[in-house]
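Please keep the structure in view while reading the points below.

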Amino acid sequence: MTEFEPRIVGFLCNWCSYAGADLAGVSRFQYPPNLRVIRVMCSGSVHPAYILEAFKDGADGVLVAGCHPPNDCHYISGNLKAQRRVALLKKLMLQLGLEPERLRLEWISAAEGEKFARVIREMVDDLKKLGPCPLRKIEISVTAESD
Amino acid sequence: MLEKLKFGFYWAASCGGCEIAVLDINEKILDVLEIADIVFWPVAMDVKYKDVEAMPDGFMDVCFFNGAVRTEEQEDLANLLRRKAKILIAFGTCAHIGGIPGLANVADRREVFERAYLESPSTVNPTMIVPEVSVETEEGVLTLPKFYNTVKTLDQVVEVDYYIPGCPPPPTLIIEAVQAIAGGSLPPKGAVLAPPKSVCDECPRTREEKKIPAIRRIIDFEPDPEKCLLDQGIICMGPATRGGCGAMCLNANMPCTGCGGPCPEAIEQGSAMISALSTVLGLASEKEEGFDPEELMEQLKDPVGTFYKYGLPSSIVNRRVMKR
């Protein structure tokens, strides 16, 4: 059997973290190919429902990455909103039986290509230890029995 | 004289409040009886399931179905009434989005039984009996409907034509729905028969859109009856909840808990509120080095019970992950 390869959905803000990912690319920093990137205008525009949907649709981990607080955010305080949302969502995930570690918030500036590559490497390692998201199993069990 | 319409009412996993709500329309109930005969109403009339089975398909013009679906019996009745009714209406929060019974989705069948029949302080059950689907006795085999692990909304079981939200639905919404049925002016199928705007739109309180530094509860202090409760630090689900209730709870100095369900176009009620609350909650220390957002959120003890009090079965993650 092949080793479990986690699927990660990454919401990267247009102004800092997406540019950071870009820098990782042009600098040829190596990181595993487990990430699906979604570029958003701001980490503060990532609705909690997007994150829950990602988990439901088969993501094993979700990364929300934005500009460094306090003052880097292009929209002044979007990153702080993202920070509060993620903290609340982690509590919710715990109650719903999802490991909060599957959701990660990181501040990655446009100059931090190395950090971006490191974060992805760490996430892949952590998720390999956690295993597949249990919501994937729910999908299977729902079709198997009617209750 | 024109033939009267035929109405049916049924209750599934519910508290019975929706049945009372039908009578909350007061003397208007007489108008209902003028245009309609009630052919099935277990709470008030002795009509057996086999009598319903004997009805031709599409016999009832409208069936008002309240309650969530949590047992085999309720699922069977949902299927039966779908066949027998031309229009099936999910009546009240439980049938619409899951309701309070839906909170049981944080547990499974075994945990619900253990709590209800073994652990609860008022229970005396020395022989540790919990419900079984079938039991052999001297007199023969006794059966009970299967109790599912997961509570479902009505539209997760059968096709639903309309929804009337509210726990219980406010009299004005019921009257408007009956008038629309009688007058043939129902909106397109699948509609929620309530105004599209949020509870805030109907709320008389003034909102200053302040940042709130701490979450407070209604038992902690006496809130100002003129000001927005959210501004005062009380979690009010108003911004994420569909109106139509006239902000009844707010007028009684209590926060909205979200029984109206999500606003139209909202992906999900609970996460809409998580998003809204995260926007207004904020501390001055937030921008400082070493700030721990999880400490801020520690004030919120029960996210599922707060944001998904009524909507857990219809939300994106509709139950706690089942333990293997």
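This is a predicted model: local features need pLDDT of at least 70, side-chain atom pairs count only at pLDDT 80 or more; totals for chains, interfaces and linings use all residues.

In chain A, Gly10(A) stands opposite Val37(A), a residue of strand β2(A). This pair belongs to a parallel pairing in which 6 bridges join β1(A) to β2(A).

- Chain A has an open sheet of 4 strands in the order β2-β1-β3-β4, and the pairing is parallel.
- Strands β2 (35-40) and β4 of chain A stand at the edges with a single partner strand each, so one side of each has no neighbour in the sheet.
- On average, neighbouring strands of this sheet are turned by 20 degrees against each other, direction ignored.
- Helix α1 (residues 17-26) of chain A packs on the sheet and touches β1, β2 and β3 of chain A. The direction of α1(A) makes about 115 degrees with that of β1(A).

**Strand β3 of chain A**

- In strand β3 (residues 61-66) of chain A, 6 of the 6 residues are buried, so the strand is largely enclosed by the rest of the structure.
- In a regular strand, side chains alternate between the two faces of the sheet.
- In β3(A), Gly61(A), Leu63(A) and Ala65(A) point one way, while Val62(A), Val64(A) and Gly66(A) point the other way.
- Strand β1 (residues 8-13) of chain A runs parallel to β3(A) and is joined to it by 5 bridges. Here Phe11(A) stands opposite Val64(A).
- Strand β4 (residues 103-107) of chain A also pairs with β3(A) in the parallel sense, over 5 bridges. In this pairing, Val64(A) stands opposite Leu105(A).
- From β3(A), the chain passes through helix α3 (residues 78-95) of chain A to β4(A), in a β-α-β crossover that is right-handed.
- Helix α3(A) lies across β3 and β4 of chain A and runs at about 160 degrees to β4(A).

**The sheet of chain B**

- Chain B has an open sheet of 5 strands in the order β2-β1-β3-β5-β9, with parallel pairing.
- Its edges are β2 (36-40) and β9 (162-164) of chain B, each with a single partner strand, so one side of each is left without a neighbour in the sheet.
- Neighbouring strands of this sheet are turned by 30 degrees against each other on average, direction ignored.
- Strand β1 (residues 5-11) of chain B runs parallel to β2(B), joined by 4 bridges. The bridge partner of Phe7(B) in β2(B) is Ile38(B).
- Helix α4 (residues 72-84) of chain B packs on the sheet, touching β1, β3 (60-66) and β5 (85-91) of chain B.

- In soluble globular proteins, nonpolar side chains tend to be buried together.
- The largest nonpolar core has 76 residues, and those with the most contacts inside it include Val62(A) and Val64(A). Helix α3(A) supplies the largest share of this core, 7 residues.
- Among the residues that Val62(A) touches are Val9(A), Ile51(A) and Phe55(A).
- A second, separate core of 45 residues includes Trp11(B), Met60(B), Cys63(B) and Cys94(B).

**Contact between the chains**

- The contact takes 28 residues from chain A and 27 residues from chain B.
- On the side of chain B that touches chain A, α10(B) provides the largest share, 5 residues.
- The residues of this side divide into 15 nonpolar, 7 polar and 5 charged.

Notes. Residues are numbered from 1 along each chain as its sequence is written. Chains are lettered from A and ligands numbered from 1 in the order in which they are written. A residue is buried if 20 or more other C-beta atoms lie within 10 Å of its own, exposed if 12 or fewer, and partly exposed in between; C-beta atoms are placed from the backbone. Helices (H or I, at least four residues) and strands (E, at least two) are DSSP runs, numbered from the N terminus. Two strands pair if DSSP finds at least two bridges between them. A crossover is right-handed if, with the strands pointing away from the viewer, the path from the first strand over the helix to the second runs clockwise. Axes are lines fitted to C-alpha atoms, for helices over the stretch in contact, and angles run from 0 to 180 degrees between N-to-C directions. Two residues are in contact if their C-beta atoms, placed from the backbone, lie within 7 Å. A nonpolar core is a set of buried Ala, Val, Leu, Ile, Met, Phe, Trp, Tyr and Cys residues joined through C-beta atoms within 7 Å. Ala, Val, Leu, Ile, Met, Phe, Trp, Tyr, Cys and Pro count as nonpolar, Asp, Glu, Lys and Arg as charged, and the others, Gly among them, as polar. Lists of a residue's contacts leave out its neighbours within four places in sequence.
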